[in-house]
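Please read it alongside the sequence and the structure.

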Amino acid sequence: MTHSTLKTQNPNLILVIGGAGYIGSHIVADLLAEGHDITVFDNLSTGFKENIPRGVNFYHGDILNKGDLKGVFQQPFDCVMHFAALKAAGDSMLNPSKYAEHNISGSINILDAMLAANVKNIIFSSSAAVYGAPEYLPVDEKHPTHPENFYGYTKLAIEDILNWYAKLKNINFAALRYFNAAGYDALGRVSQLERNPANLLPIVMEIASGMRKKMQIFGDDYDTHDGTGVRDYIHVNDLATAHIKAMNFIMENNQSLTVNLATGEGFSVLDVIKAVEKITGQKINYEIVARRLGDPAELIAQALRADDILKWKAKHSSLENILETMWRVYRIHRQN
Ligand SMILES: NC(=O)c1ccc[n+]([C@@H]2O[C@H](COP(=O)([O-])OP(=O)(O)OC[C@H]3O[C@@H](n4cnc5c(N)ncnc54)[C@H](O)[C@@H]3O)[C@@H](O)[C@H]2O)c1
């Protein structure tokens, strides 16, 4: 068995907000396999109806619309998982108010709708972007949080609000700080490509499959083994396992937690490109351009707290497995 597919003794009623998206749909697949009762709430702005499996209820709604949230919370839930957000760091620097509204106000709307319906548990998709430029590596949860882009700031602001709601309103939350989410489901249950990806791995895969001609590498003069930026990539199946463990932990212990989800291992842009060329047999065309503001040379993290508290470790996040599972999906869309 590759990951969690055992039926649970204690099925929960779970509302997955943003569950039609890339990461959310992987968590939905595992929750369903465990026998939970799931409702996906999504406005399908970047998600896909095809990502919602049979046996899962779907509510088409927007977290900016309080009426939509009130509507879905007419049903009882034990736990909310919240994936809905705008996530392009560059765009957030150009359009901060859009990110404040979607991410921060949207999350407050969810919390208030939960409280009105007496739902006390929430799992939140936070991000490595809360840390900003690393002062030491690997980054742990005690590392200072000084986000360098507005997207990261919105995630940190939501974490602060979750902490206040935990104190003032007795909610339990898990804030899961993902590093670079990547890969596709090992069992092939998710097959929609991300729309307009801004992250390295889907962009390289789009080139390998002929959907895109060329990519840019932002800087090759960093202090890393080959001069290009080094990042920590975490497989979505590993993220899914962590969400289920975090849900069980906060509900069983009536406690909250904030943890990194990462591997502790880093790969450079050129490492990724070489590995993709080997796995796909396709040449990846790239050009080197200037560094981007705010991009650190290297960003890798320790997930010791997740190991300690949740007994979680990344098991599917070798670069090879990440890229092979992605290529299985992208090769279907191959255009060359
Ligand atoms: N992809 C990564 O590497 C990464 C890393 C760290 C954190 N995250 C966070 O994980 C979460 C999920 O990311 P993803 O990569 O799956 O993104 P995604 O865009 O594929 O998924 C987001 C989902 O939320 C839905 N949505 C967006 N705005 C909504 C709204 N106003 N109302 C209702 N639904 C809405 C979208 O339709 C989509 O289905 C986000 O919160 C993101 O910030 C992602």
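S4 and S5 pair in the parallel sense over three bridges, where pairing requires that DSSP finds at least two bridges between two strands. Helices (H or I, at least four residues) and strands (E, at least two) are DSSP runs, numbered from the N terminus. Residues are numbered from 1 along each chain as its sequence is written. The model is predicted: local features need pLDDT of at least 70, side-chain atom pairs count only at pLDDT 80 or more, and totals for chains, interfaces and linings use all residues.

**Strand S4 and its partners**
- In the pairing with S5, valine 80 has isoleucine 122 as its bridge partner.
- S4 also pairs with strand S1 (residues 13–17), running parallel to S1 and joined by four bridges.

**Helix H5**
- H5 covers residues 150–169, 20 residues in total, and reaches 27 Å from first to last C-alpha, close to the 28 Å expected (1.5 Å times one less than the number of residues).
- Its buried residues include Phe150, Tyr151, Leu156, Ile158, Leu162 and Tyr165.
- These buried residues pack against helix H3 (89–94), helix H4 (96–116), strand S5 (121–127) and strand S6 (172–178), with contact taken as C-beta atoms, placed from the backbone, within 7 Å.
- Asparagine 170 follows H5 and has a positive phi, near 60 degrees.

**The three-stranded sheet**
- An open sheet of three strands has the order S12-S9-S14, with mixed pairing.
- Strand S12 (267–268) and strand S14 (298–299) are at the edges with a single partner strand each, so one side of each has no neighbour in the sheet.
- Strand S9 (residues 230–231) and S12 run antiparallel and are joined by two bridges; valine 230 is opposite serine 268 there.

**Shell around the ligand**
- Of the 28 residues around the ligand, Gly18, Gly21, Gly47, Ala85 and Ser125 come nearest (near means a C-beta atom, placed from the backbone, within 6 Å).
- Helix H1 (22–33), H4, S5 and strand S7 (180–182) each supply at least two shell residues, and H1 gives the most, with three.
- By class, the shell has 11 nonpolar, 13 polar and four charged residues (Ala, Val, Leu, Ile, Met, Phe, Trp, Tyr, Cys and Pro count as nonpolar, Asp, Glu, Lys and Arg as charged, and the others, Gly among them, as polar).

Definitions and conventions
Buried ≥ 20, exposed ≤ 12 C-beta atoms within 10 Å, placed from the backbone. Contact = placed C-beta atoms within 7 Å.
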